[in-house]
Amino acid sequence: MGTRSWLSRPFVGLVSVVVIGGAVAAGMVAAERLTPDFGVADLAQLAPANVSSIDVTNWSALRDRLGAGGDDVVEQAATRDLATRSTLVSSGDVVADGLGWSPRTVRWEAFVQTTAGSALFLGLPESRDVTSERMRDLGYVQDGDEWTIELSDLRAGGVSTPETFQHARLLDGGVVVASSELEVVERLGDVAEGRSPSLADDPTALRAWAQAVDLDAFSLQSGSAGCASTDPAESGPDIAAQAAVAVEAAGTLEPYRWLVRGLGAGEQDPTEPGTGDSGDRFEVALAFDSAPVAAGQAEVRARLATGPFIGQTGTVEESIVLTRHRVDGDVAVLEFDRQAGAASLMSFIGPLVLASC
């Protein structure tokens, strides 16, 4: 989908079991992969092995944590950088009302970028039958497992980024995948139903994923995508020079295989919903080729979590305060408290030097 640029609770036990065991075996049947209560922790089973980026927003969790419903959940999430990577927030009324897919209703959304194209996965709020009826009423035509609608119909309805929703496939587990490319829908359907390898078949990627599943909004990027989105050189020679000085003082940066960054919303006082954003947490996880490299990089990158915020205004501490850094096997993890009024950490504009290559 050309409309997006790329400059990345429950069932945590399931992820842990998979991590200990190594990887989910390719070829699992759909009934095992897409259970009726399919959740965010399981989303690595939907992304293909060659995924470059996946953005996840857990709307069900955000509605609970923010104590908000209706348009309030979008407003509060956007103010706190929790909706920055969402596709649904700008999709329009036709998608929200006609299809019933919006931040007010869906369980979660996951925007996936692959070598073949991009797609949007949604945890549906309604039964398969109700969803099918909505799609027919809107003008979708079913052909086997796939549904297609004319772009002119979506544009006439005022849908923002209509290409995102042109082709769709209803999967088990209350999940739909939609894309501008029918081939992408078919390929991702094969991944979801166990006929093609998934991200969950990569033990290192899965360990990185396991660090993110209790966050409410997060992105996972491959090494190349993560490096591109945090490259100081993209912000000009002055920023690149500042970054070089900071890195020289902190230590050598080793390339990572996977990058996770994400936010967890702090609980709100139910008597005062929407008051402030203190208590939110920010996390960065980087997966390397070995545990010793991860341990060394956890120390180096922790040293970068102080002083001038390269690529942003002010200091790092004015936006995020490091509370802990640790290692989980070959994954280095840095945990922060997000400060009220912090700079956007999820817009991928400007370098985040502690995650740079």
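Tutor: A residue is called buried under 20% relative accessible area, exposed over 50%, and partly exposed in between, with a 1.4 Å probe and protein chains only. The model is predicted, so local features need pLDDT of at least 70 and side-chain atom pairs count only at pLDDT 80 or more, whereas totals for chains, interfaces and linings use all residues. Residues are numbered from 1 along each chain as its sequence is written, and side-chain values use heavy atoms, with hydrogens and water left out.

The covalent link comes first. The structure holds 1 disulfide, that is, a pair of cysteine sulfur atoms within 2.5 Å. Its partners are Cys227 and Cys357, with an S to S distance of 1.6 Å. The angle about the S-S bond is -85 degrees, and the link of Cys227 and Cys357 is left-handed. Distant parts of the chain are linked in this way: Cys227 lies in helix H10 (residues 223–229) and Cys357 in the segment after strand S12 (331–338), 130 residues apart. Here helices (H or I, at least four residues) and strands (E, at least two) are DSSP runs, numbered from the N terminus. Both cysteines are partly exposed, Cys227 with a relative accessible area of 23% and Cys357 with 39%.

Side chains of opposite charge can pair when their charged atoms come close. A salt bridge requires a side-chain nitrogen of Lys or Arg within 4 Å of a carboxyl oxygen of Asp or Glu, and the structure holds 18 salt bridges. One of them joins Asp55 and Arg85 at 3.0 Å, N to O. Because Asp55 lies in strand S1 (residues 53–57) and Arg85 in the loop between helix H4 (71–79) and helix H5 (93–99), the pair ties together parts that are 30 residues apart in sequence. Asp55 is buried at 1% relative accessibility, and Arg85 is buried as well, at 10%.

Another salt bridge connects Arg281 with Asp214, whose closest N and O atoms are 3.4 Å apart. This pair also links distant parts of the chain, with Arg281 in strand S10 (residues 281–287) and Asp214 in the loop between helix H9 (203–210) and strand S8 (217–222), 67 residues apart. Arg281 is partly exposed, with a relative accessible area of 31%, and Asp214 is partly exposed at 32%.

Glu335 and Arg326 form a further salt bridge at 2.8 Å, N to O. Glu335 is buried at 16%, whereas Arg326 is partly exposed at 23%. Elsewhere, salt bridges that share partners join Asp145, Glu146, Arg169, Asp190, Glu193 and Arg195 into one network.

The strand remains to be described. In strand S9 (residues 258–264), 7 of the 7 residues are buried, so S9 is largely enclosed by the rest of the structure. Trp258, Val260, Gly262 and Gly264 point one way from S9, while Leu259, Arg261 and Leu263 point the other way. Two strands pair if DSSP finds at least two bridges between them. S8 and S9 run antiparallel and are joined by 6 bridges; Ser219 has Arg261 of S9 as its bridge partner. S9 and S10 also run antiparallel, joined by 7 bridges, and Trp258 stands opposite Ala287 in S10.
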